[in-house]
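Work through the exercises below with the sequence and the model in view. Each task is followed by a solution in steps.

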Amino acid sequence: ENRSRLLVEVVEAVRARCGPGFAILVRLNGRDDALEGGITPDLAARYAAVAANAGADAIHVTAYSSVTGGPGFTEGPLPWRPCQYEELARMVKAAVDVPVIAVGRIRPDDGERILADGGADLIAMGRQLLADPDLPNRLAEGRPDLVRPCINCFVCVAQNFWSAAPVCAVNAQLGHQDWPKPTPAAPPRHVVVVGGGPGGMEAARVAAERGHRVTLLERANHLGGTARFSSLTTPLNGDLVRWMAAALAEADVEVRTATTATPTMVAALRPDAVVVATGAVRDRPNVPGVDLPHVLSGDDLRSLLTGEGGATDQRSGPLVRLALTVARALGMTTDMDRVRALSRRWMPIGRRVVVVGGGLVGTELAEFLVERGRSVTVLEEGDDLATEMAHPRRWRALHEARAHGVDFRTGTRLVAVTADEVIAHTAATDEKDGDEVRFGADSVLLAGSVQPDSSLAGAIRTGIGGDVEVHVVGDAGTVGYIEGAIRSGYEVGVGL
């Protein structure tokens with residue numbers, strides 16, 4: 001009672017000053033993980049009842065852990081798991097008669113579930129509304145498929161640490177209120193987009209919504225590019241691809257999958273403008289043994305699991321090739337959600353895995369594999385890991401990977417690969433030279449050496465003539481992953 005005295009006095013004072021018609025909401029921690037003697041869920045329910053008795057009209061239930069950094073930040077106040085604070089709201093709901101507001105990575109379908117079974121009375125959203133401010137209108141129109149999803153990348157949250165305007169990986173307009181609004185195309189033109197990853201799809205969507213006639217060419221059988229394949233380790237990327245595909249259909253973009261664009265083909269479409277979004281290339285390091293069959297690039301792994309990506313099955317044995325052929329014939333490799341589920345039972349990857357490259361891709365891949373029973377070592381030549389991630393996500397990703405048993409080795413450079421080992425050198429210091437280290441490996445995954453590749457754009461410029469403008473977006477121009485791809489695609493789409 002004494003601990004809640006300040007809360008009671010504040011609520012009562014606000015009520016006395018503002019009168020009975022003024023709504024007072026109390027935001028309450030359901031738990032304080034970082035504070036010794038902090039609020040626990042049962043105490044939160046009692047404090048909520050005290051606040052309601054003092055005159056609060058609703059209780060908004062969140063959580064607190066640490067705002068000073070580290071993985072605790074994603075326990076509270078910024079959750080990393082879906083519906084992370086749902087049970088806290090339910091405990092408060094059982095203790096009060098006033099409305100309860102639930103928060104904490106609650107997406108629309110989960111929000112409907114929580115409301116329907118009485119777990120809360122209202123649903124609050126933060127990052128999801130930054131990703132799509134039109135969410136309420138989309139739901140009211142019965143079009144949840146057109147809600148742009150938050151991919152929980154923490155890019156927006158990271159800006160808070162240096163008091164910058166929030167930006168969003170999937171909503172390029174956020175934080176750029178000074179940008180001109182998209183205007184109707186005058187005159188409408190024919191735009192050909194080559195590449196159906198996030199950058200190409202965003203450029204196509206924005207251009208079509210402005211009134212241009214847009215044709216999108218994608219080499220694979222599915223839209224999404226690398227983002228679709230990355231949904232194997234990061235499922236929310238798949239949600240983004242599905243939203244972008246729905247948005248393209250809504251904007252009447254002509255989509256041609258299983259179509260390999262050439263300068264001649266593009267010229268035959270008689271475009272007024274061309275957008276090239278064919279992504280990056282991934283080079284193999286120039287070390288002995290890197291061409292052994294058990295050394296896989298990202299494209300090799302993509303090809304093994306989906307039949308796409310430009311590689312072949314020659315890096316796998318006959319039994320693996322047979323299993324993959326059957327899986328593809330049954331359509332089991334076309335759905336990344338299904339591939340992810342099946343990967344918990346079987347994958348064409350050995351038990352001892354060395355991942356070369358400790359960036360965003362290598363870190364996500366390492367956790368994915370260790371959760372599937374592999375022993376994983378990550379070699380990173382630099383001093384830092386996963387620097388492409390927004391740092392709150394990086395804290396959590398590295399914490400989870402280490403907790404699952406991933407062995408990260410920074411300052412360690414690949415030297416050679418043998419049939420059953422990876423040979424590396426540690427970095428030299430002022431005190432001593434670098435040492436040779438060896439790691440047992442049944443499979444080696446190359447997760448670095450990503451370089452932009454705008455060669456097709458150059459070939460199209462040469463083949464199509466100087467009267468047609470050619471733009472490059474996404475990783476084909478600058479490696480920026482989803483955030484950079486969507487931002488560059490938006491900027492080009494607005495400017496066409």
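The exercises cover a nonpolar core, a strand pair, a helix and some salt bridges in this predicted model.

**Exercise 1.** Find which residues have the most contacts inside the largest nonpolar core, and which element gives the most to this core.

Solution.
- Step 1. The largest nonpolar core holds 49 residues. Ile151, Val214, Leu216, Leu240, Val253 and Val275 have the most contacts inside it.
- Step 2. Elements that each supply at least two residues of this core include α8 (198-209), β6 (213-217), α10 (235-250) and α18 (481-495).
- Step 3. The most comes from α10, with seven residues.
- Step 4. Another core, of 31 residues, lies apart from this one; Val8, Leu28, Ala44 and Ala48 are among its members.

**Exercise 2.** Determine in which sense strands β1 and β2 pair, and through which helix the chain crosses between them.

Solution.
- Step 1. β1 (residues 25-32) and β2 (residues 58-64) are joined by six bridges, in the parallel sense.
- Step 2. Within this pair, Arg27 is opposite His60 in β2.
- Step 3. From β1 the chain passes through helix α2 (residues 41-54) to β2, a right-handed β-α-β crossover.

**Exercise 3.** Describe helix α16: how many residues does it have, and what covers its buried residues?

Solution.
- Step 1. α16 (residues 391-403) has 13 residues. From first to last C-alpha it reaches 18 Å, close to the 18 Å expected at 1.5 Å a residue.
- Step 2. Its buried residues include His391, Arg393, Arg396, Leu398 and Glu400.
- Step 3. The cover over the buried residues of α16 includes α7, α15 (360-370) and β13 (407-410).
- Step 4. After α16 comes Gly405, with a positive phi near 110 degrees.

**Exercise 4.** Decide whether Asp33 and Arg31, which meet in a salt bridge, are buried, partly exposed or exposed.

Solution.
- Step 1. The side chains of Asp33 and Arg31 meet at 2.8 Å, N to O.
- Step 2. A residue is buried under 20% relative accessible area and exposed over 50%.
- Step 3. Asp33, at 43%, is therefore partly exposed, whereas Arg31, at 15%, is buried.
- Step 4. Both belong to a network of salt bridges that also links Glu75, Arg81, Arg396 and Glu400.

**Exercise 5.** Locate the partners of two salt bridges, Glu87 with Arg90 and Asp121 with Lys93.

Solution.
- Step 1. Glu87 and Arg90 are both in helix α3 (residues 86-93), three residues apart. Their N to O distance is 3.7 Å.
- Step 2. Residues three or four places apart in an α-helix point the same way, because there are 3.6 residues a turn.
- Step 3. In the other pair, the closest N and O atoms of Asp121 and Lys93 are 2.8 Å apart. This pair links distant parts of the chain, with Asp121 in the loop between α4 and β4 and Lys93 in helix α3, 28 residues apart.

Note on methods:
Residues are numbered from 1 along each chain as its sequence is written. This is a predicted model: local features need pLDDT of at least 70, side-chain atom pairs count only at pLDDT 80 or more; totals for chains, interfaces and linings use all residues. Side-chain values use heavy atoms; hydrogens and water are left out. A nonpolar core is a set of buried Ala, Val, Leu, Ile, Met, Phe, Trp, Tyr and Cys residues joined through side-chain atoms within 4.5 Å. Buried means under 20% relative accessible area, exposed over 50%, partly exposed in between (1.4 Å probe, protein chains only). Helices (H or I, at least four residues) and strands (E, at least two) are DSSP runs, numbered from the N terminus. The expected span of a helix is 1.5 Å times one less than its number of residues. Contact means heavy atoms within 4.5 Å. Two strands pair if DSSP finds at least two bridges between them. A crossover is right-handed if, with the strands pointing away from the viewer, the path from the first strand over the helix to the second runs clockwise. A salt bridge is a side-chain nitrogen of Lys or Arg within 4 Å of a carboxyl oxygen of Asp or Glu.
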